[in-house]
Each structure stands twice: as C-alpha cells, then as structure tokens.
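Here is a friendly set of notes to read alongside the structure. Keep the picture open and find each residue as it comes up.

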Protein chains: 2
Amino acid sequence: MTHIQTDTITINGYDCDAYGRLSVPALMNFMQEAANRNALAYGIGIADLATRQVGWMLMRFRLRMHQYPTYGQTIRVVTYPTAVEKYFIYRDFQVLADDGTLLAEATSTWLVFATDTRTMVPMPAFIRSLVVPQGITPQPHLPAKPDFLNQAFVRATEKLVEVGWLSIDMNHHVNNVAYVQWLLESIDHQWLHTREIAELDLVYRAECHLNDRLRAQSAVVSEGEQLHRIEHSETGKEVLLARSRWRGFGLSPLVGILGGGSAPARLG
Amino acid sequence: MTHIQTDTITINGYDCDAYGRLSVPALMNFMQEAANRNALAYGIGIADLATRQVGWMLMRFRLRMHQYPTYGQTIRVVTYPTAVEKYFIYRDFQVLADDGTLLAEATSTWLVFATDTRTMVPMPAFIRSLVVPQGITPQPHLPAKPDFLNQAFVRATEKLVEVGWLSIDMNHHVNNVAYVQWLLESIDHQWLHTREIAELDLVYRAECHLNDRLRAQSAVVSEGEQLHRIEHSETGKEVLLARSRWRGFGLSPLVGILGGGSAPARLG
C-alpha cells in the first residue's frame, strides 16, 4: 500500500505574522503534522518506532516559499515519502491553493536512531520495505553537507535562548520547528519588516533539551541572503546550521537565483 | 441580531504540551480567534473599530480548565458577549467535548482605547447598542482589581524576555497570548512536570512592543497556587499580573477551592 497525505487547512489569525502572511513556523507545524499522519498510515509512526527502541530524527529540511498563504485562505498540505535507502528516508511536501497553484514546497531527509545510544542505525526492515507512491516527481535529495557550510560566517545579530517548556513536544523532544522560531527571532527586525523568506535550508546537527542555553546567530551575506547557526552556549556545539534567502514584499519569487530545484508550477 | 460563535477544532500535535494535553496558549489562541469571528458578525471587529480610530484592549481574562482536551480530540469553542456597559464589554467562552461535556470556560473584560492617545474612551454607540444573545447564563463580571493583587509577591523564578517578531500579531500588537507563554516559561519545570493549570486569572496592565525587554516572574504561594508578574526590565512598569491555580495530573478539578464561579457542568 502507498499513501499520500493531504491535509486541508484554513489559516487562522494566530498562524500569521504581523503582515497577515502564514508564518514559516506555523507552516512547518502543518507539514510536520501531515508527515506524522502519513507515517502512521505507513505503520512507521513515532509509536511504531518506539516499540522497536528507535526514533525518527530530522537531518535536512529545505523549504521554498513561492507565494505566501494569507489569513483566511484554505490550503492543502500534501506529503509522501519519495525514497528509502540504507540510512535515510526522503519526504517531500507541497502546499497548494484551492485552484492547485503551488504556494510552497519542501523536501527533507530523515534518519533513524537507537533510543538507548542516541546514535544513527540502519533503516529497520519494516521501514526499508515501504513502497513510495507512484506517479510522483521527487525533488533531488538534499546534500548532507550543503555548500553554505563552507561560507564565512560573520555574526551580525545574536539572541540568547533558554529551551523552555513550550518547545517540548509530545515525544518529549524539542520540536523541530522551535529551532526555526529561534532562528527567525535572531534576525534584525528591520530586515523582517521589509523582506520575506523565499528559501530556508536547514541542517540539524545535534539535539537540545529542556533548560539548555543556546546562542542563535545570524549573519548577513547579501541583500537577499543570511546564514544562521544555533549552538550550545557553554560547549559551542552546533545544533542547527541554516541559510535563508529573501525577497522584498510583493516581488515575484527569486526563482532565477534559487537554482537547482523545481520552479513554481501547478499541480492537480 | 445576536450572534453566538461556535468553532469546531480538532487538536493537532503542535497544539499539545509534552503530555499530549492541549496547551493553555493554544487554547487561548482558539478562543481569541472565535472572539474575533464573533466580533466581525456583530460589526465590531478590529477593522470596524480601526476606521473609527479606536481599538480593543483586553483588560481581564480568567480561564478555568475542568478537563484537558487531548491530541486528536474534536472540541467546540463557543463565545458571545454577555453585557456592554459605558466603559466595558464582557465576553464568555465555553469549550465543549463532542458529547457536550464542559471541558473549560473563560470570562473576559475588554475596553476600547483611542488609537492616537492610547487611552481608554467610553464605548462608542455602535458597540454600546449591541444586543447580547438570549438564554445565556453570563459568568459574574471579573473584579478590575482581584484580591490577589494585594498578596505578598516573593519571587521564586524569573525569566528575561525580549519581545520578538513572532509575538507580533496582524494588528501589529503583541498577541495577548504571548504574555501567557512568557508567564508559563517562567515557572519551574519540575512544577510543570507534575501539575496542570486548573485556573488562570490575568490582569493586563500595560502594552509592550517589539524589542521591549521584560522580566517574567513567578512566586509559589502554596502547593496549588502561584502568582506571576511581567514587568518592563528598565522601568519596572507592570505589564501583566496573574494568579494560577494548579492540580496534580489526573486529579479531579479543585472545584471546591476555586469558589465563586460556575462548577463543571454539561451544556447543549
């Protein structure tokens, strides 16, 4: 059996930013929820893994925002696995308007870890054997080490964060989306008032836990690009590395400079 | 015309805390959204007020949690105005399970301020003249100065907060729910691991703005009660004062000690 998950969601006020655009963290929550449902359908949900003493860990995530959904709009969030390998499973997402316009899309790479040692293990057979949906057009796999990791990082802004109760999810882990909230809040506000994210490319490096103290840092690379890092305050250990690409409000997506991926298109 | 707003909501994972209970901030977002819809139906929405150079300000809010909704549960959030006076308008909320069980309820007091001077003004005629629904049983009006304001406040825990981009709502104000997030994150984590909020009583005292630095403080009064205050770091100006009442997990609501309000009951 193959499964494609489609969630239909109407955007509430609290999902939106100061300009009535769906916020990136809210969208990522929608995506994660749809992914959880799709995993349940495949019998590879968090509980299915927990009974085998393993768990999911998000390693890579890249989001492309073509057109921001706005307050009151109804969208569909679609997700499915695109491939399973010895160590990794890949999952794509699309966000569609009522008329099928592709508003946003994402691709992601996940690994499985042993809950006792917290280290990566080969994909268990019950996951490895899943059958991906037919007729899909998978996005290219994200590189484990994208080239932005080699770019110079000249810190521009920094925010200190203490991991709080509200960032802990039902799996007693820090929600993957919390990192993006910290990242966004480390960015200069004037920048946020005049630009919107066109692309966000995330490399998850290490877990963090309740009460951990973190530094969320951002560095401006150009008018349309920033680099970000979140690290443990005491050890300096990297938790998240990221690159964001931005455009001014109301401009068309910077498809030309994004490169390498699929252009905005219409789906079913 | 009278209007009762009913929103039907299925609880997502990201609405829940580490124990799969609907989080209080998520519930307050649901309530605020339902209130906005009800206000629109009455022609007293934020935009209706903005054209007359006035705005809504929340002054008092008291939430009682009888039974926590959990992940996957479908609830109804019901709200309506209960009375309008020269300076204040009152609004009640109920949260109902599928079978009509009252899971939570809240009551609130709102005022209108002039957008130029940011000071309270008498309720404009177009609001004053609204007709509240028939057949409702309003909760008693909350006192403007509840007695907990006179209790000694011996600070136990403190968290420093800088008002960030994600706390700003579509009205370019700090979302009322953000204060409650800061309050909750100022509480000792061991406390949060073993108890749940039975009642939360809020007094909103002053606005805050993007980049403001705040101190969120909590003080334990007894095994089942804390006091909270949020103040501006520099001026010490009070932003929010609150009292929370708590119970251990799985215990029945502390109806006896809550006093003064309506007991859990079943509605329609």
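Predicted model: local features only at pLDDT ≥ 70, side-chain atom pairs only at ≥ 80, totals over all residues.

1. Let us begin with a term. A salt bridge is a side-chain nitrogen of Lys or Arg within 4 Å of a carboxyl oxygen of Asp or Glu. By that rule, B:Arg247 and B:Glu196 form a salt bridge, with their closest N and O atoms 2.9 Å apart. The pair links distant parts of the chain, 51 residues apart: B:Arg247 sits in strand S11 (residues 238–248) of chain B and B:Glu196 in strand S8 of chain B. Helices (H or I, at least four residues) and strands (E, at least two) are DSSP runs, numbered from the N terminus.

2. Residues are numbered from 1 along each chain as its sequence is written, chains are lettered from A and ligands numbered from 1 in the order in which they are written, and side-chain values use heavy atoms, with hydrogens and water left out.

3. Are the two partners of point 1 buried or exposed? Buried means under 20% relative accessible area, exposed over 50%, and partly exposed in between (1.4 Å probe, protein chains only). B:Arg247 counts as buried because its relative accessibility is 2%, and B:Glu196 counts as buried because its relative accessibility is 9%.

4. Over all chains, a search of the whole structure finds 39 salt bridges. One of them joins A:Asp147 to A:Arg243, with the closest N and O atoms 4.0 Å apart. A:Asp147 lies in the loop between helix H3 (125–128) and S7 of chain A, and A:Arg243 in strand S11 (residues 238–248) of chain A, so the pair ties together parts that are 96 residues apart in sequence. A:Asp147 is exposed, because its relative accessible area is 57%, whereas A:Arg243 is buried, with 9%. Both residues belong to a network of salt bridges that links A:Arg60, A:Arg64, A:Asp147, A:Glu199, A:Asp201, A:Glu225, A:Arg243 and A:Arg245.

5. Another salt bridge to find is the one between A:Glu185 and A:Lys159, where the closest N and O atoms are 3.9 Å apart. A:Glu185 is in helix H4 of chain A and A:Lys159 in strand S7 of chain A, so this pair ties together parts that are 26 residues apart in sequence. A:Glu185 is buried, with a relative accessible area of 18%, and A:Lys159 counts as buried at 15%.

6. Now turn to where the chains meet. Contact means heavy atoms within 4.5 Å, and 34 residues of chain A are in contact with 34 residues of chain B. The two chains bury about 3200 Å² between them, 63% of it on carbon and sulfur atoms; buried area is the accessible area (1.4 Å probe) that two parts lose on being put together, summed over both. A:Tyr14, A:Trp165 and A:Met170 supply 26% of the area that chain A buries against chain B, more than any other three residues.

7. How many salt bridges are there between chain A and chain B? The count is zero.

8. On the side of chain A that touches chain B, the elements giving two or more residues are helix H1 (24–41), strand S7 (157–162), helix H4 (176–185) and helix H5 (189–194) of chain A. The largest share, five residues, comes from H1(A).

9. Two residues of chain B are worth a look here. B:Ser167, in the loop between S7 and H4 of chain B, counts as buried because its relative accessibility is 10%. Leaving aside neighbours within four places in sequence, B:Ser167 is in contact with residues including A:Glu185, B:His173 and B:Trp182. B:Asp169 lies in the loop between strand S7 (157–162) and helix H4 (176–185) of chain B. Not counting residues up to four places away in sequence, B:Asp169 touches A:Asp17, A:Ala18 and B:Asn175. B:Asp169 is buried yet has no salt bridge, and the nearest side chain of opposite charge, B:Arg118, is 9.5 Å away. For charge, Lys and Arg count as positive and Asp and Glu as negative; His and the chain ends are not counted.

10. Finally, find B:Leu202 in strand S8 (residues 195–204) of chain B. B:Leu202 is buried, with a relative accessible area of 0%. B:Leu202 and B:Phe61 are 141 residues apart in sequence and 5.1 Å apart in space, C-alpha to C-alpha.
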